Structures are given as C-alpha cells and as structure tokens.
Amino acid sequence: MTDFPLHDKDTAPEKSRPLLDNSLKAFGMIPDLHAVMAEAPGILEGYQQLHQLVLDSSFDNDEKTVVWQTINVENACHYCVPAHTGIAKMMDVSDDITNALRDETPLPSDKLEALRTFTLAVMRKHGNVSKEDLDAFYEAGYQHRQVLEVILVLSQKVMSNYVNHIAETPVDEPFKKFEWQKKQ
C-alpha cells in the first residue's frame with residue numbers, strides 16, 4: 001500500500017481547499033480521488049476543469065459513459081470503474097450499457113460500439129489512428145469535434161487512472177457495491 005494522504009479541508013494545502021469545496025458542492029462529499037489529488041493543487045484544479053469540459057462536450061450521457069468507462073476498463077482502474085458505474089446510474093445510463101462496458105461485451109448499439117472501438121484505437125495507438133479508424137468513426141455518425149473530444153476525455157482519465165494506480169486510492173463508500181476487477 002502506498003502512503004499518499006487522503007486530504008480534507010483541514011489537512012490540504014491552502015490552494016487545494018477551495019477546490020475541495022468545489023468537490024463537496026458537486027458531489028456532496030470529497031471523493032477519495034480528489035482527496036489524493038489535493039496534495040498537488042494543480043492536478044486537482046486541472047482535473048476539475050477537464051471534468052467540467054467533458055460534461056460540456058457534445059457527447060450525451062451514454063456517450064460520455066462509453067468513453068469514460070472504455071478508458072477506465074482498458075487501464076484497469078480499480079477506482080474509476082466503480083465510481084463511473086455509480087455516476088452512470090445517476091446519469092440514467094442503462095445497465096445494459098454499463099454492464100457491456102464493465103464486462104467488455106458488445107454494446108447495445110452500433111454507434112456506441114463505434115465510439116468504444118475508436119476510443120480504444122486512440123489509446124492503443126497513442127493517437128496514431130489510421131484512416132480506416134477515422135472513416136469507421138465518421139460512418140457511425142461522429143465528426144471531427146468528437147475525435148477531439150475523445151482526446152479531451154482521455155486527458156481527464158489519464159490523470160485519474162494514473163493517480164489511482166500509483167496512490168492505490170480506496171474506492172469511496174457509495175461505490176464499493178460496484179467494485180470491479182479486469183477479466184484476465
């Protein structure tokens with residue numbers, strides 16, 4: 001186990017305290033990810049800003065969930081998969097979508113499957129996607145904007161997935177019922 005502290009408003013560096021207030025307002029709690037990130041105010045602020053930009057993207061709730069969870073599952077993030085399972089429920093995303101993402105089984109629509117496939121291509125090829133990858137994404141109904149927004153979401157998830165791996169962030173109590181492990 002690592003020794004990264006879980007900060008609260010009393011122990012966090014001064015610059016992180018208003019950011020933790022933002023977390024309390026947004027989630028009614030300080031998620032353990034935010035408590036870890038508070039050690040370095042810049043990462044917490046950057047993560048919160050990226051999160052808002054993702055919420056403001058052109059993706060609907062199903063699509064946001066597909067991109068978030070595709071990245072979380074691919075990176076085997078023990079913290080983010082359960083957290084985004086709970087978030088998906090709050091966003092009224094169907095269990096069929098959530099379960100397909102967690103279990104790495106086909107999604108209920110071709111368009112969402114194309115989004116997952118493209119997200120994986122961006123990740124696995126480190127952005128060096130092929131013309132065929134792009135064409136398949138466009139044929140599913142997506143455009144240049146969504147190509148760039150996949151990269152936006154990936155940027156957010158790199159921050160959270162990597163922090164959670166290194167800090168071994170504990171899963172928040174409300175999400176423990178959604179605990180998950182990647183299939184071998």
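Q: How many disulfides does the structure hold?

A: A disulfide is a covalent bond between the sulfur atoms of two cysteines. In this predicted model, the structure holds zero disulfides. The sulfur of Cys-77 has its closest cysteine sulfur in Cys-80, at 3.6 Å, which is too far for a bond.

Q: Is Cys-77 buried or exposed, and is Cys-80 buried or exposed?

A: Cys-77 counts as buried because its relative accessibility is 0%, and Cys-80, with a relative accessible area of 2%, is buried as well.

Q: Which residues touch Ser-160, once its neighbours within four places in sequence are left aside?

A: Ser-160 belongs to helix α9 and, at 0% relative accessibility, counts as buried. With the sequence neighbours set aside, its contacts are Leu-33, Met-37, Tyr-47 and Cys-80, so that the list includes one of the two cysteines treated above.

Q: Where does His-165 lie, and what is it in contact with beyond its neighbours within four places in sequence?

A: His-165 also lies in helix α9, but at 35% relative accessibility this residue counts as partly exposed. Beyond those neighbours, His-165 is in contact with Asn-75, Ala-76 and Cys-77. One of these, Asn-75, is 90 residues away from His-165 in sequence, while the C-alpha atoms of the two are 9.2 Å apart in space.

Q: Which arrangement do the rings of Phe-137 and Tyr-142 have, and what else sits over the ring of Tyr-142?

A: The rings of Phe-137 and Tyr-142 have centres 4.6 Å apart and planes at 10°, so this pair is stacked. Phe-137 counts as buried at 1% relative accessibility, and Tyr-142 counts as buried at 4%. The charged end of Lys-111 sits over the ring of Tyr-142, at 4.7 Å from its centre. Taken together, ring pairs link Phe-59, Phe-118, Phe-137 and Tyr-142 into a cluster.

Q: How does the span of helix α7 compare with what its 15 residues should give, and what covers its buried residues?

A: At 1.5 Å a residue, helix α7 (residues 110–124) should span 21 Å, and its end C-alpha atoms are 21 Å apart, which agrees. Among the buried residues of α7 are Leu-112, Ala-114, Leu-115, Phe-118 and Met-123, and Arg-116 is also listed there. The cover over these buried residues includes α4, α6 (95–103), α8 and α9. Just after α7, His-126 takes a positive phi of about 50°.

Q: Which residues have the most contacts inside the largest nonpolar core, and which element gives the largest share of this core?

A: In soluble globular proteins, nonpolar side chains tend to be buried together. Here the largest nonpolar core has 47 residues, and those with the most contacts inside it are Leu-115 and Val-150. Elements giving two or more residues to this core include α1 (17–27), α2 (32–37), α5 (80–90) and α7, while the largest share, eight residues, comes from α9. Leaving aside its neighbours within four places in sequence, Leu-115 is in contact with residues including Phe-59, Phe-137, Tyr-142 and Val-150.

Conventions: Residues numbered from 1 in each chain as written. Predicted model: local features only at pLDDT ≥ 70, side-chain atom pairs only at ≥ 80, totals over all residues. Heavy atoms only, no water. Phe/Tyr/Trp six-rings, centres within 6.5 Å; stacked < 30°, edge-to-face > 60°. Buried < 20%, exposed > 50% of the residue type's maximum accessible area, 1.4 Å probe, protein only. Lys NZ or Arg CZ within 6 Å of the ring centre and 35° of its normal. Helix = DSSP H or I, 4+ residues; strand = E, 2+ residues; numbered from the N terminus. Contact = heavy atoms within 4.5 Å. Expected span 1.5 Å × (residues − 1). Disulfide = S-S within 2.5 Å. Core = buried A, V, L, I, M, F, W, Y, C linked by side-chain atoms within 4.5 Å.
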